[in-house]
Amino acid sequence: MTLAPRIIACALAAVLTGFGSFHASAQPHSATLTVQAGEPGKPISPNLVGIFFEDLNYAADGGLYAELIQNRSFEYSPVEQSSWTPLSFWELQKRGGGDGSLAVSSMRPIHVNNPHYAMLSVRTPGDGVGLANTGFDGIPLTAGQTYDASFWAYQAYMGIMWGRGDNSKPMPVTLRLEARDGDVLAEAKLVVEGREWRKLSAKLKPSRTVQDARLVLLAHEQGAVCLDMISLFPEQTFRRRPNGLRADLTQAIADLHPKFVRFPGGCLVHAGSVRRYYNWKDTIGPVEQRRAQPNFSWGYHQTMGLGYFEYFQFCADLGAIPLPVVSAGVSCQHAGHSPGRGQEGLPLEEMPAYIQDILDLIEWANGPATSPWGGKRAAAGCPEPFGLKYLGVGNEEAITPAFKERFQMIYEALRQKHPEIVVVGTTGPFASGEDYDHGWAFARELRLPMVDEHYYVAPQWFWDNLQRYDKYDRASAKVYVGEYAAHDRDRRRNSLRSALAEAAGLTSFERNGDIVHFASYAPLLARQGHTQWHPDLLYFTGTDVIRTPNYYVQQLFGQHSGDHYLTTTLTGAEKPARLAASAVRDSQSGDLILKLVNGDGSPATLQVQLAGLANAEYQAIRIVLAGPSADAFNDVGQAPTVQPVSTEQSLKPAFAYEAPPNSLTVFRIRLAAK
Ligand code: AHR
């Protein structure tokens, strides 16, 4: 096959700083990859790769938040899903001749923010009358592990309602973990007494490992008890935090070495209508006093058990920068089921109070324990400030006059009261187009320090746009690529092709790390069977975590990040190729890290030159992420097809490397003397 001379000339001159899109060829190709390893390099963001956590796909309740009971506070409603009621996922239990009923009440709630609770009435005790919950698709239990069970309760009456029962007598109850076959795996006996709401708790240690247990609470005397906040947590949450996060899932996230966490959304932030935005104040304080609410964006329920305190604690536990996002005072343009015309602004007279909520957030996060809001943080267990530095305002808004007016009000207030906070603006939902242009123009007008770009695009887009940020104005706002993903032909799968396209994109983010400060793949989490959006970075069931090829790409860039970019060029490519590379230095370790993406279905033979290094042997780790084909993906319940393989080796400043077809290779080269 002969190539047109123009194309050959292009390929010969190909330099990675401007590497375009070339297509796969059947033959191996060869090129020289030169890294200016002896130069100090260009300072880049040391915090490039982070995560974006949004509660969609059951990412929070039924996901990261380790609560095992579904609808623990009887707040499910048909607003969330048409078949849901406050008693959804609960079942009345009548054991051994027992009889009674289960009802919802709201007359004497634990707290005004938590209005509904269950009233369990026992007519005939038999072997117990109660209620059972199967959690999120069954409660997974591990034999020998301890589980913290708890509930709030008070005695409504003993005997019969309005009768003459002995109300000084407590109501005996049993709390049980049961297997599907009825086998009792663990049990605790407790008593409910008095007319005041009280929290009762027990430690339960199941005798068997099962995936689909249920929690059962049985009452044993004639009478009635009111119940709320029926909860079950594994004692082993991440870092054993009470009201904590699921350990395996959080560990998988921690393994990404994320440098920042953007939360709580996404669309979730501005949600369904102008007054239904995510209000951080509803999410702090004792869990039984938080205001659970519908997840309007994604059609289910938020307990808010994973609230702002837990998000900030999560960041601290990961050693990651917190990047909360607040509404810009407008609803989503698609609110009210409108096709892009439904954006509404908070009435201007309500803006001062709304802005005060944002200022209060900063005091809550950063203020001393003696300040009103800092005191609430301290009361929750964190007297030291969280060190909030970045704040996102708005998400993918249509850049309308209503948006601009409200954004500017918020921004001015923040600049005046908290000039130390870096405000991150928004440039709409796409990589280009009207909102992108207007968003950027507005950012320039206000001299915003940073803006958030989003793009969900075909893998080829990444290859075609490797030069995107090379052309950005260095004097303008910094870029946060807050949401991005390559959506392959088959959107249901996280193919290796999509992962490598993102890897190629990441090499260009690194090269432009002087202006691209943060980048986060989206979305992060998805529970199997409850997924509204594909693809996602990590899939999970009640017991398993499935790492996608895209996850491994993020992990390799997160674990092998640097703070200086070293000029990297490719010359002499014989044929069109889909290659991308970047080299960074990590000042802390002194290591040089070279990343090379081969998106072709054929191997790429490269002569690598680490220019400026003394001709000696250097220790290196080579990590290769590859798979049998570009379509490869990691399936549930199967050993992963695509996962990184590490090899220790020594190398000289000039070496030959054959990059496997469809691969990302990371060389981590130790330069500092041991
Ligand atoms: O990541 C999923 C959604 O995509 C986010 O909520 C939104 O910001 C974007 O449209």
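Visitor: Does H10 pass H11 in a left-handed or a right-handed crossing?
Guide: This is a predicted model, in which local features need pLDDT of at least 70 and side-chain atom pairs count only at pLDDT 80 or more, while totals for chains, interfaces and linings use all residues. Residues are numbered from 1 along each chain as its sequence is written, and side-chain values use heavy atoms, with hydrogens and water left out. Helices are DSSP runs (H or I, at least four residues; strands are E, at least two) numbered from the N terminus, and a crossing is left-handed if the near helix is turned anticlockwise from the far one by less than a right angle, right-handed if clockwise. By that convention, the crossing in which H10 passes H11 is right-handed.

Visitor: At what angle do helix H10 and helix H11 pack?
Guide: Helix H10 covers residues 496-511 and helix H11 covers residues 549-559, with their axes 8 Å apart; axes are lines fitted to C-alpha atoms, for helices over the stretch in contact, and angles run from 0 to 180 degrees between N-to-C directions. The packing angle is about 25°.

Visitor: How do helix H5 and helix H6 stand to each other?
Guide: The axes of H5 (residues 351-366) and H6 (residues 372-379) come within 7 Å and cross at roughly 45°. Contact, meaning heavy atoms within 4.5 Å, involves Trp-364 of H5 and Trp-373 of H6, among others. H5 and H6 are therefore oblique.

Visitor: Which residues in H7 does H5 meet?
Guide: H5 and helix H7 (residues 401-417) pack at an angle of about 40°, with their axes 10 Å apart, and H5 passes H7 in a right-handed crossing. From the H5 side come Met-351, Tyr-354, Ile-355, Ile-358, Leu-359 and Ile-362. Those in H7 are Arg-406, Met-409, Ile-410, Ala-413, Leu-414 and Lys-417.

Visitor: How far is an oxygen atom of the ligand from an N or O atom in the side chain of Glu-483?
Guide: Residues surrounding the ligand (a heavy atom within 4 Å) include Phe-52, Trp-298, Tyr-456 and Glu-483. Polar contacts are pairs of N or O atoms within 3.5 Å, and a backbone N or O atom of Cys-267 lies 2.8 Å from an oxygen atom of the ligand, while for a side-chain N or O atom of Glu-396 the distance is 2.8 Å. For the side chain of Glu-483, the distance is 2.7 Å.

How values were computed
Polar contact = N/O pair within 3.5 Å; in protein donor to acceptor, adjacent residues only side chain to side chain. Parallel < 35°, antiparallel > 145°, perpendicular 65-115°, else oblique.
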